[in-house]
Amino acid sequence: MTRDAHDAHDAHDVHDTHDTHDIHDAHDAHDAHDAHDAHDLLMKNSSINKMKTIKRIGVLTSGGDAPGMNAAIRSVTRAALFNQLEVVGILRGYDGLINGKFRNLKSRDVSGIIQTGGTILKTARSEEFRTFDGRKKAYDHLLKENIDALVVIGGDGSFKGAGIFSDEFDFPIVGLPGTIDNDLYGTDYTIGYDTALNTVVQAVDKIRDTASSHNRLFFVEVMGRDAGFIALRSGIATGAEAILVPEVNTNLEQLRSYLEKGNKRKKSSNIIIVAEGDDAGGAYEIAKKVKDDLSHYEIRVTVLGHIQRGGSPSAFDRVMASKLGVAAVDALLEGKRSIMIGFMNREVSHVPFSKTIKYHRHLDDSLLRVADILTI
Ligand code: ATP
């Protein structure tokens, strides 16, 4: 089974497990002759009850910002309003939850933001939320504001916090995957990844122009402390001569001999894409390690840095964020909680926070093979 197929299989299991669990509850609760009818009736009642319970939802962005978060906020807000729910925006992620930084959101408040990068709600990392006292303060604010459920847009750290909070205070939370790294288990894409990837591709294309004009060797560092998703795809898309990712051991000897061969073949430019978390070091470090053996090359290093986080989201990210935002509100109204709403095989997937925290998404083996074949 391929890794993707395996993930998809797991995502389906999640659906099944959840439904099975509900079915089991129905059987326990009703001593009915016709278990099927009892089950159907209870499912209907319980979803009606849950629909009534949730009247006001909160939405926040947490962890690193990513282009498309605004599209997600807009979608959650409008989907909630469509379902006659009130919506409250929480500023600066969990920090705003702890400090009561709330702002009511109406349809007009999310006008004109689908095309903007960053997040209108701001984002933050909160050490206090890691403590029980911090989370208790957050819960008290939610009670005071009559907020019945939360949508958290962020990465696996944010989901970890959300899962703990939800268990401690029996509070419904669903998550949307918002991070440029694309490293979340249970979704093929995270909101912001496609935009970041295209930003890298545009930048590397420009670097290629100047590299070819001067016969230079460029090491280009891209984001990815633990994962090489941006590096792998951008490397393939820009025809990079080598792609160095944390998931695959970097053999500098092999890299040197490869570059030597290129030199003999009189290649006019060489671009090496380096994920910042590569085991051999960042782009500067690797350039330093190989430069003495490659004295015939003029070596340059470019670290793309935070430009990868900014900019107008791609059409793909906007549409996916819109789809997932609507699905998040649907899930809350169906009584689901402690799940991430992902995008798997072009369908919405429901993945428990426990799985998004426990498992890591792996690089696509077939893409690694493509990279190997095309960089000869
Ligand atoms: P990115 O992938 O962009 O870094 P992230 O959501 O993984 O996003 P983190 O900094 O790991 O970013 O987590 C965001 C916030 O989630 C933390 O600042 C903290 O408030 C909360 N959080 C993370 N882990 C925990 C935890 N174990 N307990 C409680 N809260 C947590």
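Predicted model: local features only at pLDDT ≥ 70, side-chain atom pairs only at ≥ 80, totals over all residues.
Which residues of α7 are buried? They are Tyr193, Asp194, Thr195, Ala196, Leu197, Asn198, Thr199 and Val200, together with Val204 and Ala211. The elements covering these buried residues include the strands β6 (216–222) and β8 (270–275), and also the helices α8 (229–237) and α11 (315–333). Just after α7 comes Asn215, which takes a positive phi of about 55 degrees.

Two of those covering elements, β6 and β8, bring me to the sheet. Here we have an open sheet of four strands in the order β7-β8-β6-β9, with parallel pairing. Because β7 (242–244) and β9 (298–303) stand at the edges and each has a single partner strand, one side of each is left without a neighbour in the sheet. On average, and with direction ignored, neighbouring strands of this sheet are turned by 20 degrees against each other. Between β6 and β8, which run parallel, there are six bridges, and Phe218 stands opposite Ile271 in β8. Lying across β6, β8 and β9 is helix α10 (residues 283–291), which runs at about 170 degrees to β9.

Now back to α11, this time with helix α3 (residues 69–82) as its partner: the two axes come within 7 Å and cross at roughly 35 degrees, and the crossing is right-handed. On the α3 side the contact is made by Ala71, Ala72, Ser75, Val76, Ala79 and Ala80, while the residues of α11 that take part include Asp317, Arg318, Ala321, Leu324, Gly325 and Val329. Sorted by class, this contact has 10 nonpolar, three polar and two charged residues.

Asn146, in the loop between α5 (132–144) and β4 (149–154), has a positive phi near 55 degrees. Is Asn146 buried or exposed? It is exposed, because there are 10 other C-beta atoms within 10 Å. Ser338, in the loop between α11 and β10 (339–344), likewise has a positive phi of about 55 degrees although it is not a glycine, but with 18 C-beta neighbours inside 10 Å Ser338 counts as partly exposed.

Notes: Residues numbered from 1 in each chain as written. Buried ≥ 20, exposed ≤ 12 C-beta atoms within 10 Å, placed from the backbone. Helix = DSSP H or I, 4+ residues; strand = E, 2+ residues; numbered from the N terminus. Contact = placed C-beta atoms within 7 Å. Axes fitted to C-alpha atoms, helices over the stretch in contact; angles between N-to-C directions. Left-handed = near helix turned anticlockwise from the far one by under 90°. Nonpolar A, V, L, I, M, F, W, Y, C, P; charged D, E, K, R; others polar. Pairing = 2+ DSSP bridges.
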